[in-house]
Amino acid sequence: MKDHAPGITRRDFIRGTAFAALSTTLGMKAAAESPSAAAEEEKFTSTVFIVRDQKALDDLHRVNREAASEMLDKVMCAVAGKEDAKAAWQTFVKPEDTVGLMPTSHLNATHNEITELVREKLTGAGIPAKNIVNAQGRSGVHKTCTVLMPLPNLKAHWLTGFGTVLKNYIQLGGNPPAYHAENSKDLGRIWNMPDVKGKTKVVIVDALRPLFDKGPQVDPQYLWHYNGIIAGTDPIAVEAVCVKIVQAKRNAFKGESWPLSPPPICLEAADKEYHLGCSDLAKIKIVRMGWEEGALV
Amino acid sequence: MRATYEVPREVNGWVRTEHPRRVTAANIFDYMDGAGELYLAYAFVGLDVWKFTRAEAPEILVEIYEMGNSADAFGVLSFDLGGEEVGVGQKSVYGAGLLRFWQGRHFARILAEAETPEAKAALLDIGKSVASDLPGGGTLPELVVRLPEAGLLPESVHYFHRKMCLDYFYYLADDNILNLNKETNAVIADYRTASGKAKLLAVEYDPGDSCAEASRSFHAVYLKQWPPGDGAIRSNEIEGAQWVSSLRNANLLLIVFEGESQKDCEELLQAAVSSLTQGGKGL
């Protein structure tokens, strides 16, 4: 932590003098700026797609596989700009690729149905089954992959503030505790490691039943049925939208501002220091599809 | 020393695994990567894990944490005191299929995969059975007992030692500007004040210069000023029309954050120093 911006305090977030975009997303800035005309007209640099279906989960939180399959096809068509689902998947993978799936493996894990559906979609798009592997963990499997496909579950994290897209690769860094607490700022470094860099073509977030506090150990009072899948080609933009959704849910839950704590400083650092994508919501276009109630963004 | 207590073999048709999985500090990250730090931030000794299953019913996970002392067992519970008191152990909270309680040197966490009336009844029965067999006699941390009572929002009380916990309860800075460590005892809690709400942080340091050094560090980094002398209150208005007031009394550092007026902050500080040094009645 000492090699960058020493002495950051809560007051810097309130002033917006550090991590300004993040301060805005979390609602920590003292005087929230209303969007200026210039900001409204600013050119979007990234697009994030959200698809939701009220039928995606039942009362016992079981996944409706048919609904989830349709959601995946819909969101991938939107991300790829294709009419046909198979063609959409083929935008990001080729038959000669080895695809490493990166689900959240435990503690509020990615729903198995989502991981298995992605596997089916990939085989349907012409990727041989043997070329689709689980690359999560510290086995080094990711090194043999030509494409890495993050499939994280959406969740807050008590040590890093947030634990979804950026943290999805923490095992690939070889030493997870080295990226916890204040050191979580450097999670973006892992994405630039030689065996990782450039392999992420699309990010797909399981937002069916996210966790908005106390992650990763699950406290079900902080789980809710969002019934969504969030996807995009810019991992940082996807993360920023996910943070916004969780932050909005927290505020609604308490009926007052309840900023994620500690602030997920990895988000803006991934943008400004590691140049992995756009963290500024003002520059991210959000496209919503399907169920609108409770979209939160 | 392993605790000796019984976990029932069968409750309302749910049957438990024969033997518990034993988790220690050496393998806690294999069991809960990314979550073990919480327990290691307190005096964690070990954890026993059982699963209860019943056909066509949600699985129930039972985790019994053994801590080195009862104050830290309560501390783990105080990570979140929000929920319904259901009368299990010395203090319990229940919500949405998760029962957590504290008794003596133990903290328990019993989770139903999905909340159904039957699963809730079963996990409460399991909790009551385990609690009846766990050694009792736990005492609340002194700092918690001595919190001023007036205006206290009980669910907001958190007892802890380390910076990583404060970061979650109330992020203050990236550096450890209060010099928190495993030996410091700290409590943070919300209060209703005349004008609204405020947050009280109390940190107890070892005798010596630790408290004065922490006060210097806090004032230098957070308020960009020299600290007040021992026993003197210093108040500052900061961004967002918030007031911050602080007071050092021997080895006790008290800070009020997010006060809506100087008067609110200073009244809470005065109540706190009186209560914490002379014996109050918090929780």
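This is a predicted model: local features need pLDDT of at least 70, side-chain atom pairs count only at pLDDT 80 or more; totals for chains, interfaces and linings use all residues.
On the side of chain A that touches chain B, helix α1 (residues 10–15) gives the most, contributing five residues. By class, that side of chain A comprises 16 nonpolar, 10 polar and nine charged residues.

Contacts between the chains involve 35 residues of chain A and 44 residues of chain B. Together the two chains bury about 3400 Å², of which 54% lies on carbon and sulfur atoms. Within chain A, the most area is lost to chain B by A:Arg10, A:Arg11 and A:Trp158, which together account for 23% of what that side buries.

Turning to chain B, six strands make up an open sheet with antiparallel pairing, running in the order β9-β10-β11-β14-β13-β12. The edges are held by β9 (158–160) and β12 (233–238), each with a single partner strand, so one side of each is left without a neighbour in the sheet. On average, and ignoring direction, neighbouring strands of this sheet are turned by 15° against each other. Inside the order, strand β13 (residues 242–249) pairs with strand β14 (residues 252–259) in the antiparallel sense over six bridges. Across this pairing, B:Leu247 stands opposite B:Leu254 in β14 of chain B.

Note on methods: Residues are numbered from 1 along each chain as its sequence is written. Chains are lettered from A and ligands numbered from 1 in the order in which they are written. Side-chain values use heavy atoms; hydrogens and water are left out. Contact means heavy atoms within 4.5 Å. Buried area is the accessible area (1.4 Å probe) that two parts lose on being put together, summed over both. Helices (H or I, at least four residues) and strands (E, at least two) are DSSP runs, numbered from the N terminus. Ala, Val, Leu, Ile, Met, Phe, Trp, Tyr, Cys and Pro count as nonpolar, Asp, Glu, Lys and Arg as charged, and the others, Gly among them, as polar. Two strands pair if DSSP finds at least two bridges between them. Axes are lines fitted to C-alpha atoms, for helices over the stretch in contact, and angles run from 0 to 180 degrees between N-to-C directions.
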